[in-house]
Amino acid sequence: MSNPLGTDTATGRQSQGTPGVGGAATAAAPASPRAAARRRGRAKMRLEIALLSGPAILMFLAFVIFPVALAAYYGFYRWHGYGAPTDWVGLNNYKLILKDPAFQQVLWHNGWILVLSLVIQGPLAIILALLLNQKIRGRSIIRILIFVPYVISEVIVGTGWSLMLQSNGAVNDLLAHIGLGSLQAEWLSSPKLALWTLMGIISWKYIGFAVILMLAGLQSIPDELFEAAAIDGASYWQMQRRITLPLLGPTIRIWAFLSIIGSLQLFDLVFIIWGPYVSSTAGTSTMAIYMVAQGRNAGNYGYGSAIAVVMFLISLIVALLYQRFVLRRDLQGAVTEGDK
Amino acid sequence: MSATTADSFTSSSTEPTAPTGRRDRRDKPQKWGNPFTYFIALLFIGVCIAPVLYIVIGGFRTNSQISTSPAGLPHPWIVGNYISVLKNVTFWGEFANSVIVALASTIGTTILGLMVSFVLARYDFKLKGAMYSLFAAGLMFPLVIAITPLYIVVKDLGLVDSLLGVIIPQIAFGLPTTVIILVPFLRAIPNEIEEAAAIDGASRLGFFFRMVIPLSLPGVVTVGILGFIGSWNNYVLPLYILNSTANYTLPLGVQQFSTEYSVDTAKVLAFTSLAMLPALIFFAIFEKKIVGGLTGAVKG
């Protein structure tokens, strides 16, 4: 997912070269038949590369790249999953997607989830990380406990929350007990509330991860900066605004990137709590839910595959734009200010 | 998805350094700080933990307790639900399936990933950049997008409804993160060690088996933990591949159980708690490694 970063560091390193590796093998060989030895060394090296990387590459091509390519191929057919696809429809599936009101609706949901995740979790995570970064006792235990929701599987989170959020579930009961009975609601079935309920569950599950990242980012800021600022008479809030936030920038931007990609591809939680796509109760359905409904449940494999391709393209475009306009600063910073 | 997010974050890691030194220094408690901070911290922990505790504690109640007071505490505490789940053959079958899938795919991903990462980190050849980009791009393909064609591929191989049909794709989809975490680890091994090994007559492969594997152990452990938890929690892949209940892994089992016993809420809660226990224990044991790995990643 953060392939933009990964790739760039890789090429960056490559330009530095891998000194010694190729050289050591040839240097060890006797001097006179150097060319022959080098050739033999080359062949041996190729064999080693093939032996070591072959299995992983084959596996990856067969079970990751090939299925994705297959989805792109099926997307050009009207196909119901029996036999080989024969009914070539060109870009028709994609034209249908653009006009499909149900797809627009699920796309809209993904958009909301994306924006709300950033807006809710981002500031909250920064504030919590700032608070928890102070010198307090029991920090390692705090860190474990806030990470727990993230480690629990989506199925368990979904099952647990749907029991608690039933109309006669624990949440409504608790509200009644603490005198907030007027806030009781149909958390899951009310079309107006469902998306917000989903956002609540998503925030609960993923905020621990965001806080841990921010904490890690905060710890990389040198203490000396704050000491110097304190000597200059800066207040706590001035320090946070002028030192912490700018230096936390790279962490925030990477977290936001992961959150965006995750929001675009959300499936498990929604599927577990609200079940398969039903047009009348589609208050929370995402693109992935609609894709599964079209592909596996309705048997429109061609159309479902086209939706998968659209999802992939949206993620790819977002990732590229984000890399181009937001993450680039960080990459430059990594190269030019890496020594500081 | 969750695990991939965790993993892929680590992918931005450049030089995974052990962050413990600084943290220890800072963690040393000097004095109790601001009470407000503790208040917020406790509140936050409460919000994070309360739903989990609700599931665990709810398993100790009876259904009539739950229906009369959904948010109450057990009175009296009942262990019957837990015992009946622990005696349930289906639970243990699903537990065993989950263990098999998680172990096999973790081992598979780690071994294949280590081999290819070694090539990417220590060999010099033309297609290296392309190979690295290929795996890095793999992070952009989450399982959900490819699931339908993947199902067709698995079906053509005759592996539908078998654990192997889950394990193999799980390994393949785990490779990108593994490669991206391990390559920097392997690159960080000093060339002098390799040269010394060469002088002592070790071939590059000998060097790989005798030196690289032990030296890259911290990275391997991080990759292994992330892989195990990711596989343990995976839902979409088993959902598509496994049909018969005898082959279900725990996530499918939890869902199946909660529909089957939808009236028996207490038992569903007990089943759910027991299903999440292994991942939680695993996490608690290795927490330092995971959080430390993330910390190292951000610092790099």
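**Helix packing between and within chains A and B**

In the predicted model, helix α6 (residues 139–151) of chain A and helix α3 (residues 35–58) of chain B have axes that come within 8 Å and cross at roughly 40 degrees. The crossing in which α6(A) passes α3(B) is left-handed. On the side of α6(A), the contact is formed by A:Ile142, A:Leu145, A:Ile146, A:Val148 and A:Pro149, which meet B:Ala41, B:Phe44, B:Ile45, B:Cys48, B:Ile49 and B:Val52 of α3(B). Classified by residue type, this contact of α6(A) with α3(B) comprises eleven nonpolar residues, with no polar and no charged ones.

The interface between the two chains as a whole draws 111 residues from chain A and 117 residues from chain B into contact. Between them, chain A and chain B bury about 10,400 Å², of which 74% lies on carbon and sulfur atoms. Zero salt bridges are found by the rule across the interface of chain A and chain B.

Within chain B, helix α9 (residues 163–187) packs with helix α12 (residues 217–233) at an angle of about 155 degrees, the two axes lying 10 Å apart. The angle is over 145 degrees, and α9(B) and α12(B) are therefore roughly antiparallel to each other. Their crossing is right-handed. In this pair, B:Gln170, B:Thr178, B:Ile181, B:Leu182 and B:Phe185 of α9(B) are in contact with B:Pro218, B:Gly219, B:Val220, B:Val223, B:Leu226, B:Gly230 and B:Ser231 of α12(B). By class, the contact of α9(B) with α12(B) contains seven nonpolar and five polar residues, and no charged residues.

Helix α9(B) also packs with helix α7 (residues 128–138) of chain B, at an angle of about 125 degrees and with the axes 7 Å apart. This angle places α7(B) oblique to α9(B), and α7(B) passes α9(B) in a left-handed crossing. The residues that make the contact are B:Tyr132, B:Phe135, B:Ala136 and B:Gly138 of α7(B), together with B:Leu175, B:Pro176, B:Val179, B:Ile180 and B:Val183 of α9(B). Eight nonpolar residues and one polar residue, with no charged residues, make up the contact of α7(B) with α9(B).

Conventions: Residues are numbered from 1 along each chain as its sequence is written. Chains are lettered from A and ligands numbered from 1 in the order in which they are written. This is a predicted model: local features need pLDDT of at least 70, side-chain atom pairs count only at pLDDT 80 or more; totals for chains, interfaces and linings use all residues. Side-chain values use heavy atoms; hydrogens and water are left out. Axes are lines fitted to C-alpha atoms, for helices over the stretch in contact, and angles run from 0 to 180 degrees between N-to-C directions. Helices (H or I, at least four residues) and strands (E, at least two) are DSSP runs, numbered from the N terminus. A crossing is left-handed if the near helix is turned anticlockwise from the far one by less than a right angle, and right-handed if clockwise. Contact means heavy atoms within 4.5 Å. Ala, Val, Leu, Ile, Met, Phe, Trp, Tyr, Cys and Pro count as nonpolar, Asp, Glu, Lys and Arg as charged, and the others, Gly among them, as polar. Buried area is the accessible area (1.4 Å probe) that two parts lose on being put together, summed over both. A salt bridge is a side-chain nitrogen of Lys or Arg within 4 Å of a carboxyl oxygen of Asp or Glu. Angles under 35 degrees count as roughly parallel, over 145 as roughly antiparallel, 65 to 115 as roughly perpendicular and the rest as oblique.
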